[in-house]
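Open the structure in your viewer and keep the selection tool at hand. The stops below say what to select next and what is found there.

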Amino acid sequence: MSDVNIVERGRTLVVNPLITCQPLGAMFATLGIHRGLPLVHGSQGCNTFVRYAFNRHFREPAEIAVTSLHEDAAVFGGRSNLINGIKNLSKRFRPDLIGVVTTCSSEIIGDDVEGFMKVAHKELAEEIGEEKANKTKLVHISTPSFVEHHFRGYGNAVKAFVNTLTEEPTESNDKLNIIPGMVNPGDIREIKHILGLMGTEAIVLSDTSDPFDSPLRPSTTESMPFYPKGGTRVEEIADSSNSLGTISLPFYGDDAANSLEKKYDVPAKIGPMPIGVQNTDEFVRNVTKLTGLEASEELLDERGLLIDSMADLCSRYLFGRKVAIYGDPALVMGMARFVCEIGMIPSFVCTGVENPEFVEEMKKVGKESEGPVEVMPGSDLRALEVRLEEEPVDLVIGNSEGRLITRDLDIPLVRVGFPVYDRAGYHRVPIVGYNGSVNLIDRITNIVMEKYYDEQHWKLQQ
Amino acid sequence: MPFDLFEVDKEIPERKKHIYIKDSKDPKEHIPACNTTTVPGCMTERGCAFAGAKGVITGAIKDALHVVHSPVGCTAYAYGTKRYPTTPDMPNGDKFPIDNFNLKYITGTDIRESDVVFGGMDKLKKCILEANKEFPEANAIYTYATCTTGLIGDDIDAVSREVAEEIGKDVIAINAPGFAGPSQSKGHQVANDVLFESLVGTKEPPRTTEYDVNLIGEYNIDGDLWVLREYFDEMGINILSTFSGDCCHDEIGWMHRAKLSLVRCQRSSNYIAKLLKERYDIPYIKVDFFGIRYPTENLKALGEYFGKEEEAEKVIESRMKWIRPELDKLKEKLQGKKVWVFSGGPKNWHLPEPLEEELGMDVVAVSTMFEHEDGYEKIKERVGENTVIIDDPNSLEAEEIIEKYKPDIVLSGVKEKYLAHKMGVPCILIHSYENGPYIGFEGFLNLAKDMYAAIYNPVWKLMEFEQEIEEEISAENHARRRGPS
C-alpha cells in the first residue's frame, strides 16, 4: 500500500499533448470495417494529418476522404460539400460503409449532417438505382473536436455503428462482441487467439487488425479501388445483437457496449485492458461469465509461460525500479498494474484525459505498488518531463512522442502504444493477454539490461 | 486531345482539365487546371493552410515557440511532422540552450466547447503568457488561427500585439486557418506575408559582408541546407538569413541587409523574395540545386554574380570528381526505369530532367498537390513528350497511373508510399526523404542510391509463392511482373 498523489497539469496551456481530437478515433474505428471508408466533413488537414499518423505508425495505406471545406462553406454551410462528397465517394469507391465524421468546423457551422446524408442517399438512389445505393451504409459519427479526445471519438464511432446497423436479435450466434480500443493489430489477434483457445469467436467492433497490417500480395489484393484485407463486415455488426455478451477492453468503449445491453439485452463488461496476469485473468473470467466456457489447458499453459518468465526475470533485473508511464489511459491503467506485478514502481502515471475512471483505477494500483504513485490526469508530456527532471526514474514507458524528451533526460524509453514510428514492428507484437505480457517483460528486461547492465557485462553472465 | 479523363474519373468529369498529356505542339497555355478547390470526397492527398504555414515554413525556425490556438487536435498534429533538424548555433556565436527546440515542443490553447461559445481570446492571452513562462529561452512566440478559432472570429492579431508589448518579445500572429484557400499553398503565402510585414527591417545583423545572401525557401529537410551551406562557405558567400531552415527568429528581421536573395523553393516562398525586391530593392534569382546540371549552372551563376567564378568551379569539381563515377555506376542499373514523380510542388520540375539526363530514367508521370500556373509551365517545359501531368491527383487516379503507366518506382510522400507497395511498386519519399539529404551533388547521389535500393530490393522478385520452380516457368513469371528482370 503506497501513497497516491493526484497532480493537476497546473496550466491552461497544453504542451506536447498526449491526446488528439475526436475525429482521429472515429477514422481509426471506421478503417476497421470491411470496405469501410471515413469521410471527414471538415478541412483537408483534418484527414491528411490523421493519414500521416496512421501511415507512419502502421506503415500501411490509410484511405480517408474529406469534404474539403473552405471559406465559402464557412459562410454558406457545407451542404453541397457533404452531399457531393458522399455521392462521389459512393460511386467511385463503392464502399460497404461510409463513416461521416464531423469536425470542429462542421459542428460550429451547424450543418444538418443527418439531413444532408438523407439527401445524398436519395439522390444516389435516383442516379445509380436503389439497390446499389443501399449497398453503401451511411453512418453519422458526431465528433466535435473541442469536446473530449480521440479515445472518445473511437467510442462514439463504435456506438454509431452499433446504433445504426445492429438489427433486432433473432437467435444466439454464440459469439462475443469485443470492443478492443485503439490497440494494435497484434493485440486484436491475441484477443482472438485467447477466445479461440476458449472455444468461442469474436465480433470485433471494429477489427483494425488486418486493415492495418495487411499482406503484400498483388495477385489477391483488391484494387481500383484498393481495399485492405479484413475488417469487420457490416453483417457482423448487424448480428452483434445476437451475441452472448460484449466486452469493451477500454473504458471509452462503454457507450456502444451499454447501448447493446440496453436495447438488446446483450450483457456488457467494461474493462480492464488485459495487460499482465491479473487483468488477463479478469478478462478470461469475464469471457467465462458471458459464455460459460472455461479457460482451456492450452490457455493455462500460456499463462504458465508468463508466470515462468516473471519468476525468472523480475526479481533479478526489475525489482524496485521506478518507471513513468504515459499515453492512452486504458493502456496506462493496464501497464501500471502490470509493472507492479513485475516488481517495479509506477512512480508517475500520466495521461491526457480527465476521465474519473483513470484516477479510480490508479487508487487501486497504489494498493499494489511498492512505492508512491503520482497520478497525472488531464496532463501532458511537458508536465511529465518537468517532474522527471526533478525526480528521475529508471525507465519511461510510452509512445514515440517522448523520444526527444527521454533522450535529453538520458532515461531509456520502452515503446508501447500509438504512435510508434521510430522503431519497427511494434504494431504487430501484442502486449495484451498472457503472450503479450511475456513480450512486454522481454522488451522491458532487454532495455534494462542494455542500459543498466551492459557496462558491468559480467553481471549478465548466467 | 491534350487533356485526359481517367477511367476512374467518369463520375467526376471536372477532373479532366487537371490531367494534361504533354504535346509540345500545344500552345503554352495548355497546362493542367490548378490551385482550385478539390472535388469533395475524391480522396485527395492535399492538406490544409495551417499545415502550409506551421508545417512548412515556421516549424523550421530553431528558437521560436508555437502556440496553436485550437482544440487539442491541431496542436497534436503540429508536433514534429516534418524532418527539419536544427543546430544550436546562433548568428552571434551563442548556443541556443535547448537542442532541437523546434522539433521537441509544441504548445496550444486546448480550446473547449465553452471557449467556442464564449470566445477564446482571453484563453489565448493566458496561454501565450504561460508559454513564455514555460520556455523563457524562446526568442519569439508564433501563434496560429485554426478552423475553430477562425470560425468563432477570435482576433489573434490584437491579442498577439497586446502580449508582445507585455512580455517584450515578438509575438507573431499567423492567420491561416485550415479552411483558407484550396491547399497548403495558401498557408505558405500567409506565413510569407506576415513574417515580411512584421519582421523584415526590424533587426540588424551582427556583421555584414559584401557577399551576403538570403537563402529563401530552403527548410533544411534532412540536412539539405547544410549541403548548400558548405558550398557557399567554400565559395566565400555568406548566408545572412535562411528562410527558414535552421534559422533563428532574428535572421528574418535582417533579411533586408542582404545583397541578393536566392529563391530555392519557388512555390512556398516566392512571395517574400518579391516583397524584398519591392520594398528594399534586393534583387532575387531563382535557383535550382537538384540534380547535377542545375547546381552546376546555378553555382556558376552565383560565382559570376559575386566574382567568385573560380571558387564555384572548385566546389563543383571537388564533388563531381568522385560523384560522377558513382553516378555512372548507378546509371547502368537505373537506365530505362520508369518513374512517377509526385511532389508537393516544385520537385516536379526539379527532378525530371536530372533523372532522365543523369540516370537515363524515363519520367512517365508527374503530379503535384498544390503547384500553380507558373510551376506547371516549367514542368511542361522540362518533361518529355507524352508525359502525363496531373494536378492534385486523388488516390484512385494514383492507382490508374500505376496501372496505365507502369512506373518501376514512385517518388512521393508517406501517404502514397504504402499504397504503391500494395500494388507491387517500390516507392521512396521525396517530401521528407529516405536517406537524405537529396539536394546538391551529394544529395542527388543519395537519391539515386535510394532509388536503386528500392527498385533492386530483392523483395520485388519474391512477390508470390510459386508451386512450380522449373526455371522457364519462374523466368516467365518474373517477366510478367513489374520490377527488374
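Begin with the largest nonpolar core of this predicted model, which has 286 residues, and select Leu205(A), Val323(A), Ala324(A), Met335(A), Ala336(A), Val349(A) and Ile174(B), the residues that touch the most other members.

Next, colour chain A by its three parts, which are domain 1 (4–16 + 308–460), domain 2 (22–148) and domain 3 (175–297). Between domain 1 and domain 2 of chain A the C-alpha centres lie 36 Å apart, and the contact takes five residues from domain 1 of chain A and four residues from domain 2 of chain A. On the side of domain 1 of chain A that touches domain 2 of chain A, you will find four nonpolar residues, one polar residue and no charged ones.

Now select helix H4 of chain A, residues 79–93, and draw a line from its first C-alpha to its last: the helix has 15 residues and reaches 21 Å, close to the 21 Å expected at 1.5 Å a residue. Is H4(A) mostly covered or mostly uncovered? H4(A) is mostly covered, with eleven of its 15 residues buried, and among these buried residues are Leu82(A), Ile83(A), Ile86(A), Leu89(A) and Phe93(A), as well as Lys87(A) and Arg92(A). Step past the end of H4(A) to Arg94(A), which follows the helix and has a positive phi, near 40°.

Move to chain B and colour domain 1 (49–181) and domain 2 (212–312) separately. The C-alpha centres of these two domains of chain B lie 27 Å apart, and 18 residues of domain 1 of chain B are in contact with 14 residues of domain 2 of chain B. The side of domain 1 of chain B that touches domain 2 of chain B is made up of ten nonpolar, four polar and four charged residues.

For the last stop, select helix H9 (residues 224–235) and helix H19 (residues 440–455) of chain B, whose axes come within 8 Å and cross at roughly 145°. To see the contact itself, show Asp224(B), Val227(B), Leu228(B) and Tyr231(B) from H9(B) together with Gly440(B), Glu442(B) and Gly443(B) from H19(B); by class, the residues of this contact divide into three nonpolar, two polar and two charged.

Methods: Residues numbered from 1 in each chain as written. Chains lettered and ligands numbered in written order. Predicted model: local features only at pLDDT ≥ 70, side-chain atom pairs only at ≥ 80, totals over all residues. Core = buried A, V, L, I, M, F, W, Y, C linked by C-beta atoms within 7 Å. Buried ≥ 20, exposed ≤ 12 C-beta atoms within 10 Å, placed from the backbone. Domains from an automatic or database assignment. Contact = placed C-beta atoms within 7 Å. Nonpolar A, V, L, I, M, F, W, Y, C, P; charged D, E, K, R; others polar. Helix = DSSP H or I, 4+ residues; strand = E, 2+ residues; numbered from the N terminus. Expected span 1.5 Å × (residues − 1). Axes fitted to C-alpha atoms, helices over the stretch in contact; angles between N-to-C directions.
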